[in-house]
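Me: I would like a close look at one part of this model. Please keep it brisk, and follow that part out to its surroundings.

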Amino acid sequence: MNETRVPEDLGGSGPFVGRSVPRLEDLALLTGAGRYLDDIHLPDILHCAFVRSPVAHARIERIDVDAARAMEGVHAVLLLADLMPMLTSGRMPLGASPVAGETRSTPFVLSNHEVAYVGEPIALVVACSRYVAEDAVARVDIEFTPLPVACDARAAMKADAPLVRSEIASNVLSTFHVGFGDVDAAFGGAAHIFSDVLSQHRGCGHSMEGRGVLAEIRPGDDLCVWSSTQMPHDLYYMLQTMLGMDANALRVITPDVGGGFGPKYCLYPEEVAIPAASRLLKRNLKWVEDRRETFISSIQERDQYWTVEVAVDAQARLLGIRGNLVHDQGAYAPKPVNLPYNGATAMSGPYLLPAYSMDVHVVHTNKVPVSSVRGAGYPQAVFAMERTMDLIAARLGLDRAEVRRRNLIKPEMMPYTKKLKTRSGASMVYDSGDYPASQAEALAAAGWDDFPERQKRALAEGRYIGIGMANAVKGTGRGPFESGIVRVGQNGKVSVFTGATAMGQGLATALAQICADELGLAPEDVTVIAGDTSTTPLGLGGFASRQMVTAGSSVHLAAREVAAKTLKAASALLDVPAEQLELRQGHVHVKGGNRNLALGEIARLLRGAPGYAFPAGVDPGLEASVQWRTDALTYANACHVVEVEVEPALGHVEITRYVALNDSGRMINPMMVEGQIHGGIVHGIGNALYELMGYDDTGQPVTTTFQEYLLVTATELPRLETIHRETPAPNNPIGAKGVGETGTIPAAAAIISAIENALAPFDIRISQTPIPPEALFRLVEAARHAHAP
């Protein structure tokens with residue numbers, strides 16, 4: 001349960017929305033008083049570790065757990081058969097889906113016949129300590145029969161490819177077509193046609209604290225599950241079904257979360273196995289993911305291969321795009337497969353595109369399953385589109401910014417309806433924004449027009465510098481709802497309860513600001529409680545840059561309803577018309593007078609008491625609950641401009657300047673918006689240059705520590721310059737747009753554009769991400785040899 005209070009008097013008075021209010025969460029976190037999953041200690045607790053598959057694909061012939069069970073300190077070694085009395089199914093349901101029943105896409109709670117990727121859980125060890133549990137894991141003896149492995153999605157989709165799992169008839173999970181307009185006519189009448197083949201390799205989320213689950217047995221066989229998840233309510237509903245429990249006997253709490261980034265959006269086998277084992281053994285159990293487990297068991301993203309062909313007229317205006325997209329789904333699909341759909345439908349971004357055709361193939365491989373990692377398909381789409389725009393400019397000898405300017409959607413066309421649908425079936429409507437002005441402002445701030453002269457001088461000195469850019473549009477605020485409950489206590493303090501999930505992004509601060517403005521309070525007088533199914537009956541959680549729009553709107557409306565009820569009650573109690581009253585500093589004041597009532601006093605009166613009069617025309621209680629509904633997305637946009645210096649002989653890239661313009665609608669807290677943009681950019685830099693989740697031909701992961709898998713550190717970062725535009729979203733009551741992902745989405749495309757520009761003398765085309773030093777070195781050397789006399 002994330003319960004946060006402001007550490008100091010902010011001073012001043014509202015409005016607080018739009019101000020950089022210091023984060024209410026920070027005092028506890030910075031002084032070590034945060035409560036992450038591994039900080040939760042319960043009496044008489046046992047610790048868990050999982051036996052995981054060491055091979056990518058094999059049939060399980062025999063599992064011998066006797067030696068492990070015989071170890072001192074080991075309480076149990078459990079297989080799927082041992083857990084089945086506690087489960088309604090041995091297979092995970094399709095996460096975040098209202099569709100009942102099993103699917104052959106989802107993983108097993110524990111695998112008992114066949115394993116399909118390195119890291120798949122097979123058995124659960126319960127011991128007095130994690131150390132003993134890990135030692136016992138090594139004593140479990142499993143006999144495997146190796147089976148053929150499919151690692152490359154392009155090869156795995158062929159008819160003669162080995163099956164990723166013996167239970168499926170084909171590695172192709174699904175195929176679909178996304179498109180509109182007359183593509184054949186567009187290409188038939190084109191002045192120019194260009195093509196490219198793009199690859200985007202997979203990477204991980206890597207939160208500060210990995211996943212973790214703690215199951216607590218309470219009196220009456222009730223169960224409380226603590227999980228480091230972005231989706232506590234989804235886990236709550238799933239556990240009800242999987243454990244066959246009454247809703248009133250189950251509680252799910254999300255403690256402080258050291259980052260989510262998408263991997264904690266999924267529901268995992270461990271989140272079922274630990275509670276099931278806890279109920280079986282009647283003991284409190286804890287499991288916390290170690291870093292190697294993050295690499296081999298938390299979901300990954302961005303393994304995609306695009307073949308793109310673009311048709312343009314003589315003025316470089318887009319006529320049509322067609323192509324194929326192969327999406328590597330990994331061994332299972334724990335959630336509905338949304339990433340390739342997001343990518344295929346988002347490709348056109350902020351540009352006018354008359355015709356489009358994309359054939360999408362979702363393919364299983366013997367790798368870790370795939371789902372969202374900060375962007376959920378949008379970074380792939382932007383990379384494909386922005387690389388295509390650069391290709392047009394290069395082939396036609398035009399300025400890259402000019403090609404984009406000619407194709408951007410004009411502000412007078414807003415709201416702009418795309419000829420595509422969202423996953424919910426709603427039309428894709430860009431609700432607001434000025435894309436040409438955003439690009440122009442970012443380019444001017446970055447000195448785009450002056451750069452060619454600087455580049456020329458640098459080249460004369462033997463230095464290779466480059467500049468790149470990328471535009472992006474991101475659908476945010478995904479519905480269908482989020483909950484907001486506002487309640488005034490008898491001490492005059494206000495509590496906000498929400499189904500949204502705090503993941504380090506400052507949720508409590510922003511919601512407190514919104515609530516405080518409506519009730520005439522300071523944010524310090526508002527306590528925000530998120531991620532607890534016992535306090536909020538309905539909720540969806542954190543994903544898709546949604547919570548500020550959805551939870552913020554619900555809290556805004558609920559607080560406004562409480563304010564109206566407060567004034568109505570005070571009007572009756574003071575015998576003063578409501579329009580002559582105002583809420584200020586925790587009291588209802590008579591305008592121009594000195595009479596007032598404290599919020600706590602009104603709350604006390606509205607609780608009611610037998611034999612005492614109740615204010616006429618006012619319902620009991622001083623609280624309101626709102627689940628603001630929406631099916632439409634609100635679209636944020638960004639333009640990033642990057643400068644780099646490249647050392648061709650080493651393949652080394654240094655980012656020397658980064659300018660990011662972001663339009664996330666009305667900013668509730670500009671400081672936190674900037675922090676989210678910076679964090680997103682850092683994630684995008686990793687996607688472009690460093691983070692590569694490698695596998696060999698047998699499906700063995702080869703980057704399972706931070707020695708091989710590189711994360712961005714402070715020494716790789718330039719000063720990040722941010723420009724904020726505020727185009728209020730017209731379709732939600734607070735005018736906000738999401739910001740959590742927009743910093744990441746255009747970053748890799750802009751960086752690769754800059755690197756390619758720096759190496760223009762070598763005539764290099766970069767069609768992959770990430771581009772580590774060795775890959776860049778090989779490109780340069782190949783170009784040198786190709787142009788050698």
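What do the buried residues of helix 7 pack against?

Reply: They pack against three elements: strand 11 (222–227), strand 12 (250–253) and helix 8 (270–281). Contact here means heavy atoms within 4.5 Å. This is a predicted model, where local features need pLDDT of at least 70, side-chain atom pairs need 80 or more, and totals for chains, interfaces and linings use all residues. Numbering starts from 1 along each chain as its sequence is written, and side-chain values use heavy atoms, without hydrogens or water.

Start with helix 7 itself. It covers residues 232–243, which is 12 residues. Helices are DSSP runs of H or I with at least four residues, strands are E runs of at least two, and both are numbered from the N terminus. From first C-alpha to last, helix 7 reaches 16 Å, close to the expected 16 Å. That expected span is 1.5 Å times one less than the number of residues.

Helix 7 is mostly covered, with 10 of its 12 residues buried. Buried means under 20% relative accessible area, exposed means over 50%, and partly exposed lies in between (1.4 Å probe, protein chains only). Pro232, His233, Asp234, Leu235 and Tyr236 are among the buried residues of helix 7. Met238, Leu239, Gln240, Met242 and Leu243 are buried too. Just after helix 7 comes glycine 244, with a positive phi of about 60°.

Now the partner, helix 8. Helix 8 also has 12 residues, and its end-to-end C-alpha reach is 16 Å, close to the 16 Å expected. Because 10 of those 12 residues are buried, helix 8 is largely enclosed by the rest of the structure. Its buried residues include Glu270, Glu271, Val272, Ala273 and Ile274. Pro275, Ala276, Ala277, Ser278 and Arg279 of helix 8 are buried as well. Lysine 282 follows helix 8, and its phi is positive, near 60°.

How do the two helices meet? Two packed helices are described by the angle between their axes and the distance between the axes. For helix 7 and helix 8, the axes come within 11 Å and cross at roughly 50°. That makes helix 7 oblique to helix 8. On the helix 7 side, the contact is made by Leu235, Met238, Leu239, Met242 and Leu243. Helix 8 contributes Glu271, Val272, Pro275, Ala276 and Arg279. An α-helix has 3.6 residues a turn, so residues three or four places apart point the same way. The crossing of helix 7 and helix 8 is right-handed.

Helix 18 (residues 670–690) and helix 19 (residues 747–758) pack at about 50°, with axes 8 Å apart. Helix 18 is therefore oblique to helix 19. Its crossing of helix 19 is right-handed. From helix 18, Ile681, Gly684, Ile685, Asn687, Ala688 and Leu689 take part. They meet Ala747, Ala748, Ile751, Ile752 and Ile755 of helix 19.

Arginine 292 belongs to helix 9. It is partly exposed, at 43% relative accessible area. Its side chain joins that of threonine 704 in a polar contact of 3.2 Å. The C-alpha of arginine 292 is 19 Å from that of valine 257, and 35 residues separate the two along the chain.

Arginine 302 counts as buried because its relative accessibility is 7%. Alanine 544 also has a positive phi, near 55°, and is not glycine. It lies in the loop between strand 22 (526–530) and helix 16 (547–574). At 19% relative accessibility, alanine 544 counts as buried.

Glutamate 482 is in strand 20 (residues 481–488). Its relative accessibility is 0%, so it counts as buried. One of its side-chain polar atoms lies 3.0 Å from the backbone nitrogen of leucine 540.

One joins methionine 414 and proline 415, with omega about -5°. Proline 415 lies in the loop between helix 12 (400–407) and strand 17 (416–421). The bond from threonine 769 to proline 770 is cis as well, with omega near 0°. Proline 770 lies in the loop between strand 30 (768–769) and helix 20 (773–786).

Note on methods: A polar contact is a pair of N or O atoms within 3.5 Å; within protein, one must be able to donate a hydrogen and the other to accept it, and residues adjacent in sequence count only if both atoms are side-chain atoms. Axes are lines fitted to C-alpha atoms, for helices over the stretch in contact, and angles run from 0 to 180 degrees between N-to-C directions. Angles under 35 degrees count as roughly parallel, over 145 as roughly antiparallel, 65 to 115 as roughly perpendicular and the rest as oblique. A crossing is left-handed if the near helix is turned anticlockwise from the far one by less than a right angle, and right-handed if clockwise.
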